[in-house]
Structure formats: structure tokens, C-alpha cells
Amino acid sequence: VKAIVTDGTLSDTAIVKISLDDTPEPPKFDDHTPTFTVDENVPAGTSVGFVVATDVDDDDTQNYSIGDPTDTFVIDSVTGEITVKADSTIDYEKKNEYTVTVVVIDKYGYTDTATVTINVNDLNETPDIPDQTLTFNENDPVGTTKVVVATDPDTAKAFSTLTYELV
């Protein structure tokens, strides 16, 4: 750029070089409160979803980490994919919603945080009827009843009504 200075009568000219330093920008989550849904009883490694952060710095790298107080989920530090952790059990009847915190950090140390909600779908699970013996006395009156015991892990009304049949 050419700069000119004058006192009204005399002037001088100089070339001024302007440089612009690129200042690092922090990464930003596209959604700070994403919600995902996963079926109960899925195996370890099942994908729950991806959290995505963007960074305007072309040369930047991002790493993801997860804060999970239940120790049920893990995150891929490069892709942001949340999966079910090994040796974890997701059971709707025990817990039907999880909240985890995901942090992204770039190579400059800038961070952003997202609060992720993971809802659990209730699936119909098989009721359990163990082998059992019901003893009646020969002199029991007609209409004497005994109880056959069965259990169902489901708590949802649609899945937990048991019907019995003797064959």
C-alpha cells in the first residue's frame, strides 16, 4: 500500500506492508444439546450417534472426550462417535435416560462442550417361568387353586401383562 503524508505544501511517499496474523479460533459444536436414542440390551460397540464440532482453522485438529458418570458409553477421540462401552448393559427398566458431557479440544487448547442426552427404547423382553411343582391333596375341594409363578423384566404396561395357559 502506498502512503502519502503532506503538510499542505510538501509531501512524502512510502510503501507500507500490511500483514495479517491468523489467530486460532476455538472449535464449536454444531449442536450443544444433541439427543440420541438407543435400544435396550444392545451389544457393546453399538453406535449411539456422532457429535460434530467444526473449526475454521484449516490446520487444526480436534480430539473428543466424554464425561460419563455411569461409565456406560465411550467416544472415538477422532470421529466423535459415541458407542456403548464394553461390559455395559443398557436396560430400560433400570435407567431410561443418560446425560453425558462431551468436550472437544483443538491443538491450540481451545475447547467447547456439549451436553448429550441418550434416551433408551423399551423393548419387549421374554418373561421367565421356572419349572415348579404344585402339590394338591386328594381331598382338596373342587376349585382349589395354586399359583404358578412367572416374572417379566418389563415394566411398561404394554409388555408386562402375563397370560397363562396349561397345556
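This is a predicted model: local features need pLDDT of at least 70, side-chain atom pairs count only at pLDDT 80 or more; totals for chains, interfaces and linings use all residues.
Residues are numbered from 1 along each chain as its sequence is written, and side-chain values use heavy atoms, without hydrogens and water. Local features need pLDDT of at least 70 and side-chain atom pairs count only at pLDDT 80 or more, whereas totals for chains, interfaces and linings use all residues.

The structure holds 2 aromatic pairs. Rings of Phe, Tyr and Trp (its six-membered ring) pair if their centres lie within 6.5 Å; planes under 30 degrees apart count as stacked, over 60 as edge-to-face and the rest as tilted.

| Pair | Centre to centre | Angle between planes | Class |
|---|---|---|---|
| Phe29 and Tyr64 | 6.2 Å | 50 degrees | tilted |
| Phe73 and Tyr98 | 5.1 Å | 85 degrees | edge-to-face |

Phe29 is in strand E3 and Tyr64 in strand E7 (residues 62–67), so this pair ties together parts 35 residues apart in sequence. Strands are DSSP runs (E, at least two residues), numbered from the N terminus. Both Phe29 and Tyr64 are buried, where buried means under 20% relative accessible area, exposed over 50% and partly exposed in between (1.4 Å probe, protein chains only). Phe73 is buried at 2% relative accessibility, and Tyr98 is buried at 4%.

Lys95 lies over the face of Tyr98, 5.3 Å from the ring centre. Such a charge has NZ of Lys or CZ of Arg within 6 Å of the ring centre and within 35 degrees of the ring normal. The charged end of Lys146 sits over the ring of Phe136, at 5.5 Å from its centre.

Val16, in the loop between strand E2 (11–15) and strand E3 (28–29), is partly exposed at a relative accessible area of 36%.

Methods
Helices (H or I, at least four residues) and strands (E, at least two) are DSSP runs, numbered from the N terminus.
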